[in-house]
Amino acid sequence: EQLKREPDKVVQELDQRVRADLRKTGDFNRIHPMPHSGQDVPDDLDARLVVISIDNCYSKEPGNAAEVTAKAILETRGNTPRLYRNTLVFLAADKMRLQDLDEATRKYLAWESILSEKLALNLDPQQVKQAETQKAAADGAVTARIPETYQWLLVPVQASPQAAVEWNAHKLSGQDSLAVRVSKKLRNDELLLTGFAGTRLRMELDRIPLWRGNHVALKQLAEDFARYLYLPRLKDSAVLIGAVMDGMALLTWQEETFAYADSFDESAGRYRGLRGGQSGPPSVAELSGLLVQREVALAQLDVPSIQSPITGTSNGKVGGSAGSPPTRPEEFVPSEAPSLAIRPPKRFHGTITLDAARVGRDAGRVAEEVISHLAGLVGANVTITLEVHAEIPSGAPDHVVRTVTENSRTLKFTNHGFEQE
């Protein structure tokens with residue numbers, strides 16, 4: 001009866017047990033147990049498991065509490081859109097199984113309470129032994145029912161950049177620790193990669209594509225894999241580094257992977273430190289440098305340095321003369337038939353008036369329903385500017401002028417001020 005009046009004790013006991021279980025992290029570098037909101041889940045590059053509180057259970061009903069919570073955490077961190085969405089997966093409790101876990105936990109706490117008050121209850125040794133046996137049995141039942149209850153793995157997926165985000169629910173089984181079970185399921189279904197071949201990295205570079213012109217910075221590539229749900233989910237940046245090292249070391253890199261360069265010289269139109277078919281330099285481990293398309297790399301490596309920079313011709317062959325102007329490698333075009341596809345729009349702009357009494361709510365909707373979709377596109381550079389215009393017929397009091405001016409300065413407004421007329 002006392003436990004019914006104090007349900008928080010049950011929640012605290014389960015919270016402690018789940019956190020203890022999550023000390024075995026599986027393939028995850030970090031785990032976020034029972035966050036109160038998306039603010040408690042950092043926006044970082046490494047893959048992480050978010051364990052949803054038992055207050056938000058999963059069921060097969062549309063719009064169940066666990067899925068709503070997972071969506072909110074995935075889309076935003078606090079009041080800002082989450083950038084690295086391809087790093088999070090979620091574990092939720094089953095709504096029906098939770099009842100059994102709750103009952104087992106209450107029995108355990110009841111026997112624990114009896115033993116803690118054995119002197120006040122004047123229990124004899126035989127009764128104490130019986131109580132200890134019952135407590136041990138209840139403890140084992142709670143331990144067994146935790147993995148039975150936390151059995152739903154929720155994974156956001158996206159088939160292509162144009163497709164909508166979908167949520168796949170995977171039912172887990174087994175008696176391993178929670179994070180270990182999740183890791184095994186993700187690895188088996190290739191929903192989390194702990195190893196990555198250079199040839200597959202090349203395939204992903206071409207499929208989207210992820211190239212920025214004729215090359216892509218490693219740091220940018222790490223951010224791409226962490227941001228976009230239609231790319232493979234990597235455990236961390238070390239997996240990407242391993243793929244780059246593997247691709248560089250292949251003797252068949254000219255046909256199957258890519259080259260590496262320390263940097264690109266804009267003025268000369270050439271790559272510095274360009275290499276292929278050899279082990280990667282230390283800078284790769286620091287996500288420094290560029291991956292270069294094989295055709296462009298071969299073109300530069302085939303041309304002696306005393307000749308003119310790489311140029312592209314209509315038939316895709318490398319050419320140029322002493323009198324021809326320097327041309328950036330981005331202009332090199334492999335031989336192919338001209339594309340007749342309609343070019344997609346490359347810019348978006350929009351203006352909206354927000355309700356002054358509900359700015360937080362309206363701005364949050366704009367961030368969720370517009371900005372997050374634009375920021376999720378490969379290479380997109382999204383700029384948001386907030387303008388405030390206030391007409392005050394009776395004039396602003398001095399204390400309001402001081403407060404607003406000081407806050408605007410603290411918030412680093414690029415332009416602000418009050419006017420007489």
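I take contact to mean heavy atoms within 4.5 Å, and I count helices (H or I, at least four residues) and strands (E, at least two) as DSSP runs numbered from the N terminus. The model I am reading is predicted, so that local features need pLDDT of at least 70 and side-chain atom pairs count only at pLDDT 80 or more, while totals for chains, interfaces and linings use all residues. Residues are numbered from 1 along each chain as its sequence is written, and side-chain values use heavy atoms, with hydrogens and water left out.

**Entry: H7 and H9**

I looked up the contact of H7 with H9 and found Gly198, Thr199 and Leu201 of H7 meeting Leu240, Ala243, Val244, Asp246 and Gly247 of H9. By class these residues divide into 4 nonpolar, 3 polar and 1 charged, where Ala, Val, Leu, Ile, Met, Phe, Trp, Tyr, Cys and Pro count as nonpolar, Asp, Glu, Lys and Arg as charged, and the others, Gly among them, as polar. Helix H7 (residues 198-207) packs with H9 at an angle of about 105°, the axes being 7 Å apart; axes are lines fitted to C-alpha atoms, for helices over the stretch in contact, and angles run from 0 to 180 degrees between N-to-C directions. H7 and H9 are therefore roughly perpendicular to each other, given that angles under 35 degrees count as roughly parallel, over 145 as roughly antiparallel, 65 to 115 as roughly perpendicular and the rest as oblique.

**Entry: cavities and a pocket**

On a 1 Å grid over the protein atoms alone, I take a cavity as a set of points where a 1.4 Å probe fits but cannot get out, and a pocket as an open set with protein on both sides within 12 Å along at least five of seven lines, lining residues having an atom within 4 Å of a point. Grid points are joined across faces, edges and corners, and a volume is the space filled by probe spheres set on the points.

My search of the whole structure gave 2 cavities of 30 Å³ or more, and the largest cavity holds about 80 Å³ of space. Helix H8 (218-227) and helix H9 (237-249) are the elements that give two or more residues to its lining, and H8 supplies the largest share, 3 residues.

The second largest pocket has a volume of about 1,300 Å³; of the 29 residues lining this pocket, Val388, His389, Ala390, His416 and Gly417 are the closest to its centre.

**Entry: local features**

I noted a cis peptide bond between isoleucine 208 and proline 209, with omega about -5°, and placed proline 209 in the loop between H7 and strand E8 (215-217). Methionine 34, a residue other than glycine, has a positive phi near 50°, and lies in the loop between strand E1 (30-33) and strand E2 (48-51).
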